[in-house]
Amino acid sequence: QVQLVESGGGSVQAGGSLRLSCTASGGYTHNIACMGWFRQAPGKEREGVATIASRGNPTYVDAVKGRFSISKGIAKVTLELQMDTLKVEDTAMYYCAAAPGLDTNSCYTNPREYTYWGQGTQVTVSS
């Protein structure tokens, strides 16, 4: 099992920045192939934001390219998301997630590919 705990959400005005953090714990953190950030706005489905592979390659959805940056610790136990130039449409609950598997170069942004989930942290961007 892997437990994930997010932190760093909050309220910011459009154009501002926030940094989210996620800490993983449990006996299977060494088996994590992919980690990622996902978000869900009220009335909408959960969607991918950015993922990072065990070998370090990031993947971003088009909506956040050039504005968000994902990074992870060497031991696979920490994950961060730097969010710059935030927009009102970035408002959502943000979740950290992890997928077990073999070492890999790339990871999907489809939430269905991920097994372990944190409780989420709210990000609110106002105009």
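1. This is a predicted model. Strand β3 covers residues 18-25 and strand β8 covers residues 78-83; the two run antiparallel and are joined by 6 bridges.

2. In general, the strands of a sheet pair through backbone hydrogen bonds.

3. On its paired side, β1 is joined to β3 by 5 bridges, and the two strands run antiparallel. Serine 7 has serine 21 in β3 as its bridge partner. In a regular strand, side chains alternate between the two faces of the sheet. For β1, the covered face consists of Leu4 and Glu6, while Gln3, Val5 and Ser7 make up the uncovered one.

4. Which residues touch the most other members of the largest nonpolar core? They are Leu4, Met35, Trp37, Leu81, Met83 and Tyr94, out of 27 residues in that core. At least two core residues come from each of β3, β4, β5, β7, β8, β9 and β11. Another core, of 8 residues, lies apart from this one; Phe38, Ala97, Ala99 and Cys107 are among its members.

5. Threonine 121 is in strand β11, which spans residues 121-126. Is this residue buried or exposed? Threonine 121 counts as buried because its relative accessible area is 10%, and the cut-off for buried is under 20%. The side chain of threonine 121 reaches the backbone nitrogen of glycine 9 at 3.1 Å. With residues up to four places away in sequence not counted, the contacts of threonine 121 are Glu6, Ser7, Gly8, Gly9, Leu20, Ala92, Met93 and Tyr94.

6. Arginine 46 sits in the loop between β4 (32-40) and β5 (47-53). With a relative accessibility of 28%, arginine 46 counts as partly exposed. The side chain of arginine 46 makes a polar contact, at 3.4 Å, with the side chain of glutamine 40. Between arginine 46 and tyrosine 95, the C-alpha to C-alpha distance is 9.2 Å, against a sequence separation of 49 residues. Tyr95 is also one of the residues that arginine 46 touches; the others are Phe38, Arg39, Gln40, Pro111 and Trp117, not counting residues up to four places away in sequence.

7. A backbone angle to look at is that of threonine 85, which has a positive phi of about 50° although it is not a glycine. Most residues other than glycine have a negative phi. Threonine 85 lies in the loop between β8 and β9 (92-100). What is the relative accessible area of threonine 85? The value is 45%, so threonine 85 is partly exposed.

Technical notes
Residues are numbered from 1 along each chain as its sequence is written. This is a predicted model: local features need pLDDT of at least 70, side-chain atom pairs count only at pLDDT 80 or more; totals for chains, interfaces and linings use all residues. Side-chain values use heavy atoms; hydrogens and water are left out. Two strands pair if DSSP finds at least two bridges between them. Helices (H or I, at least four residues) and strands (E, at least two) are DSSP runs, numbered from the N terminus. Buried means under 20% relative accessible area, exposed over 50%, partly exposed in between (1.4 Å probe, protein chains only). A polar contact is a pair of N or O atoms within 3.5 Å; within protein, one must be able to donate a hydrogen and the other to accept it, and residues adjacent in sequence count only if both atoms are side-chain atoms. Contact means heavy atoms within 4.5 Å. A nonpolar core is a set of buried Ala, Val, Leu, Ile, Met, Phe, Trp, Tyr and Cys residues joined through side-chain atoms within 4.5 Å.
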